[in-house]
Amino acid sequence: MLLVFDVGNTSTKIGLLQGRELSRHWDLSTQADRTADEWGIVLEVLFARAGRKFAEVDGAAIACVVPPALAAIERFVRRDLRSEPLVVGPGVHTGMPIRYENPREVGADRIVTAVAAHEEYGAPVIAIDFGTATTFDVVDAAGAYAGGVIAPGVGIATEALFEHASRLPRVEMLRPPRVIGRNTVQSMQSGILYGFAGQVDGIVRRIRQELGAEARVVATGTYAELVSQASETIDAVDPFLALKGLATVYRRNRATGS
Ligand SMILES: Nc1ncnc2c1ncn2[C@@H]1O[C@H](COP(=O)(O)OP(=O)(O)O)[C@@H](O)[C@H]1O
Ligand SMILES: CC(C)(COP(=O)(O)O)[C@@H](O)C(=O)NCCC(=O)O
Ligand SMILES: [K+]
């Protein structure tokens, strides 16, 4: 079995794969100061509840965009799983050429997400990840990572709205009954949902124009389901793109299997 970690700025997504099948997945808050011992405790509990044992794990892969969180996970994998983790980053073979000016700059989460989108939907494809940031990752017709877009995420942008406007409350992220809100909460829900859906549609149209191709669009991340309800350009929602992409990159590096 393969254990994969996608460490984002807000949450750490963990998956257990048997071959290509994601058999379990968990979502923890990202805590950069969590120690290797604490990782051991947390995963022991999760494994026990899933009826799994550390000894069944024969490989691990990590994509981390929070540098201080990485070392403890690596230590946990080496010590408790007795395995050398594959950390996605410079020098790792992903099978996808990167057209960023400086390929080292691209977040590992974006690369594995793009790899999974390409594998599942072909090329060209646009993967959107609604996490702390909203990221668009573009895979061109030749299957290369063409670059993309980084925008303020739905959660943090909304947080800024009520932090900076005294009379605005925290609102639930829901689809309001109409676009024209008749109370504060509905007005904010409308602005959030249709604002971010419009952002997606506008950016996707421009990307397609620049690519000169009708790339398909797959969305992932916390707000993917919500925004896709109002977006006209999102073709599919897949909550596990990054975890699947991690497994693919692992296979491409450690070909003996997972
Ligand atoms: N369980 C939750 N309930 C509400 N909001 C959440 C939850 N988990 C994450 N979020 C919000 O989602 C955003 C991060 O999404 P996530 O997919 O975890 O991002 P990342 O990949 O950057 O860690 C944050 O703005 C956070 O406030
Ligand atoms: C863009 C990101 C902040 C997204 O992180 P997330 O929202 O998933 O926590 C992350 O991928 C990152 O730090 N990237 C490095 C810069 C880049 O990709 O160009
Ligand atoms: K992410």
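Predicted model: local features only at pLDDT ≥ 70, side-chain atom pairs only at ≥ 80, totals over all residues.

Guide: Helix α7 is mostly covered, with ten of its 13 residues buried. Buried means that 20 or more other C-beta atoms lie within 10 Å of a residue's own; 12 or fewer makes it exposed, anything in between partly exposed, and C-beta atoms are placed from the backbone. Residues are numbered from 1 along each chain as its sequence is written, and chains are lettered from A and ligands numbered from 1 in the order in which they are written.

Back to α7, which covers residues 241–253. Helices (H or I, at least four residues) and strands (E, at least two) are DSSP runs, numbered from the N terminus. The expected span of a helix is 1.5 Å times one less than its number of residues. For α7 that gives 18 Å, and its end C-alpha atoms are 18 Å apart, which agrees. Among its buried residues are Leu241, Ala242, Leu243, Leu246 and Tyr250.

Asp6 touches Ala242, Leu243 and Leu246, and its other contacts include Thr12, Lys13 and Asp109, leaving out residues up to four places away in sequence. A contact here means two C-beta atoms, placed from the backbone, within 7 Å. Asp6 sits in strand β1 (residues 2–7), and because it has 29 C-beta neighbours inside 10 Å, it counts as buried.

UniProt, in an unreviewed entry, gives "binding site" for Asp6, Val7, Gly8, Asn9, Thr10, Ser11, Thr12, Lys13 and Thr132. They span 127 residues in sequence, yet no two of their C-alpha atoms are more than 13.3 Å apart, so they gather at one spot. UniProt positions are given in the numbering used here, with shortened feature names, and annotations may be inferred rather than shown by experiment.

Take Ser11 from that list: it lies in strand β2 (residues 11–18). With 17 C-beta neighbours inside 10 Å, Ser11 counts as partly exposed. Beyond four places in sequence, Ser11 touches Asp27, Leu28, Ser29 and Thr30.

Asp129 is listed as "binding site" too, again in an unreviewed UniProt entry. You'll find Asp129 in strand β6 (residues 125–130). Asp129 is buried, as 30 other C-beta atoms lie within 10 Å. Setting aside neighbours within four places in sequence, Asp129 is in contact with Asp109, Thr113, Thr135, Thr220 and Gly221.

Next, ligand 2. Of the 15 residues around it, Gly8, Asn9, Gly107, Gly131 and Thr132 come nearest. The elements giving two or more residues to this shell are α3 (108–121) and β7 (133–139). A residue is near a molecule or strand if its C-beta atom, placed from the backbone, is within 6 Å of it. The shell divides into four nonpolar, seven polar and four charged residues. Ala, Val, Leu, Ile, Met, Phe, Trp, Tyr, Cys and Pro count as nonpolar, Asp, Glu, Lys and Arg as charged, and the others, Gly among them, as polar.

Finally, domain 1 (2–87) and domain 2 (103–244) each give at least three residues to that shell. Their bounds come from an automatic or database domain assignment. Twelve residues of domain 1 are in contact with ten residues of domain 2.
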